[in-house]
Amino acid sequence: MLINLHTHLEGRVRPSTAAALASSAGLDAGIDWQRALELDAPSDLTDYLAKVSSSYPFFGSRDSLTRIAREAVEDAHADGQDYLELRFGPATHVRDGFGLSDVIAAVCEGVKQGTAITGMPAGVVVAALRLHDAAANESVARAAARFAGDGVVGFDLAGDEARFPDLRPFAEAFAIARAAGLGLTCHAAEAAPAGAALEAVELLGVTRIGHGAHIVDDPEVLARVVDAGVAVEVCPTSNLYTGAVASLAVHPAGAFREAGVAVVLGDDNPRQTGSPLSREHALLADTLGFDTSALDRLAADSIRVGFMEEHVRSALAGRAG
């Protein structure tokens with residue numbers, strides 16, 4: 001079973017859609033979008049995020065946002081995925097006359113359309129961004145809360161952890177999201193040390209950590225993550241491209257599994273890395289030592305910690321057997 005708990009809308013734009021939308025976005029119609037959107041080689045998180053941001057001009061209208069979100073669901077279904085949590089940072093896409101609620105509504109509509117077309121359940125995770133100040137992110141949280149139960153299922157913090165490591169400015173935004181009943185996750189310990197993951201758990205109240213590659217560097221932190229029952233969303237190929245790991249062979253997913261961490265899987269920005277969830281799932285088996293039992297456990301943990309509605313959880317659990 002393929003359950004995608006960590007993927008970004010900004011990292012799922014089809015090159016053909018980029019080409020179709022280029023003129024209306026004020027971009028050169030002659031750009032090779034296949035090349036413009038994809039990474040050439042591993043680098044660091046800052047370069048990785050700069051490449052992802054090349055898709056931002058396409059997110060400035062209701063129609064384009066809805067289209068990209070719908071196509072993201074369709075592409076995930078075509079990849080064999082059974083459930084998708086699609087996260088994105090709405091504040092980046094606000095324009096004059098097109099505010100936070102408009103942006104979120106457009107993405108939720110696209111996800112609903114994609115689900116109606118494919119039959120695959122999906123939900124939206126709204127992301128606050130590290131480069132924005134506390135007031136801006138609290139506005140994002142309030143907008144996300146308005147869509148709780150109507151497409152939005154979770155709240156996240158994303159962005160350049162190396163440049164903006166302090167989590168304290170985001171505590172109130174997470175409190176707002178928690179009060180609305182949204183699931184909470186946070187990109188942490190990807191570019192920062194292991195302790196950033198514990199800070200996210202203790203300060204923000206998250207139940208999942210995005211990436212968390214450096215958690216294994218500190219045995220005490222690793223043990224506390226296990227004791228707290230916090231799930232780690234692993235995205236192996238993405239971690240290679242951001243420089244969080246030196247090679248896929250040394251990715252900590254196997255170490256997490258052996259330590260008793262609840263491991264779940266995502267493909268992060270598959271347009272940039274060229275690695276959709278099906279390939280990430282195969283990497284766990286072929287490179288990182290996940291046998292059938294471990295993959296079954298991954299599916300069970302994904303269903304358990306996913307931010308989906310309970311009827312979706314029950315249906316997925318029934319299919320997983």
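This is a predicted model: local features need pLDDT of at least 70, side-chain atom pairs count only at pLDDT 80 or more; totals for chains, interfaces and linings use all residues.
Pairing was examined at the E1 end of the order. E1 and E2 run parallel and are joined by 4 bridges. Asparagine 4 has leucine 84 of E2 as its bridge partner. E2 and E3 also pair in the parallel sense, here over 5 bridges. Glutamate 85 is bridged to glycine 123 of E3. Arginine 87 is bridged to valine 125, again in E3.

Strand E2 is mostly covered, with 6 of its 6 residues buried. In a regular strand, side chains alternate between the two faces of the sheet. Both faces of E2 are covered. Tyr83, Glu85 and Arg87 are buried on one side. Leu84, Leu86 and Phe88 are buried on the other.

Helix H4 spans residues 62-78, 17 residues in total. The distance from its first C-alpha to its last is 24 Å. This is close to the 24 Å expected at 1.5 Å a residue. The buried residues of H4 are Ser64, Leu65, Thr66, Ile68, Ala69, Glu71, Ala72, Val73 and Ala76. Their cover includes two helices, H1 (15-21) and H5 (100-118). It also includes strands E2 (83-88) and E3 (122-129). Glycine 80 follows H4 and has a positive phi, near 90°.

Two packed helices are described by the angle between their axes and the distance between the axes. For H4 and H5, the axes come within 7 Å and cross at roughly 35°. This crossing is right-handed. The contact of H4 with H5 comprises 9 nonpolar, 7 polar and 5 charged residues.

H6 has 13 residues, which should span 18 Å at 1.5 Å a residue. The end C-alpha atoms are 19 Å apart, in agreement with that value. Asn137, Glu138, Val140, Ala141, Ala143 and Ala144 of H6 are buried. Strands E3 and E4 are among the elements that cover these residues, as are helices H5 and H7 (171-179). H5 therefore figures in the cover of the buried residues of H4 and of H6.

Helix H8 covers residues 195-204, and helix H9 covers residues 219-228. Their axes come within 9 Å and cross at roughly 30°. The crossing of H8 and H9 is left-handed. On the H8 side, Gly195, Leu198 and Glu202 make the contact.

Notes. Residues are numbered from 1 along each chain as its sequence is written. Side-chain values use heavy atoms; hydrogens and water are left out. The expected span of a helix is 1.5 Å times one less than its number of residues. Buried means under 20% relative accessible area, exposed over 50%, partly exposed in between (1.4 Å probe, protein chains only). Contact means heavy atoms within 4.5 Å. Axes are lines fitted to C-alpha atoms, for helices over the stretch in contact, and angles run from 0 to 180 degrees between N-to-C directions. A crossing is left-handed if the near helix is turned anticlockwise from the far one by less than a right angle, and right-handed if clockwise. Two strands pair if DSSP finds at least two bridges between them. Ala, Val, Leu, Ile, Met, Phe, Trp, Tyr, Cys and Pro count as nonpolar, Asp, Glu, Lys and Arg as charged, and the others, Gly among them, as polar.
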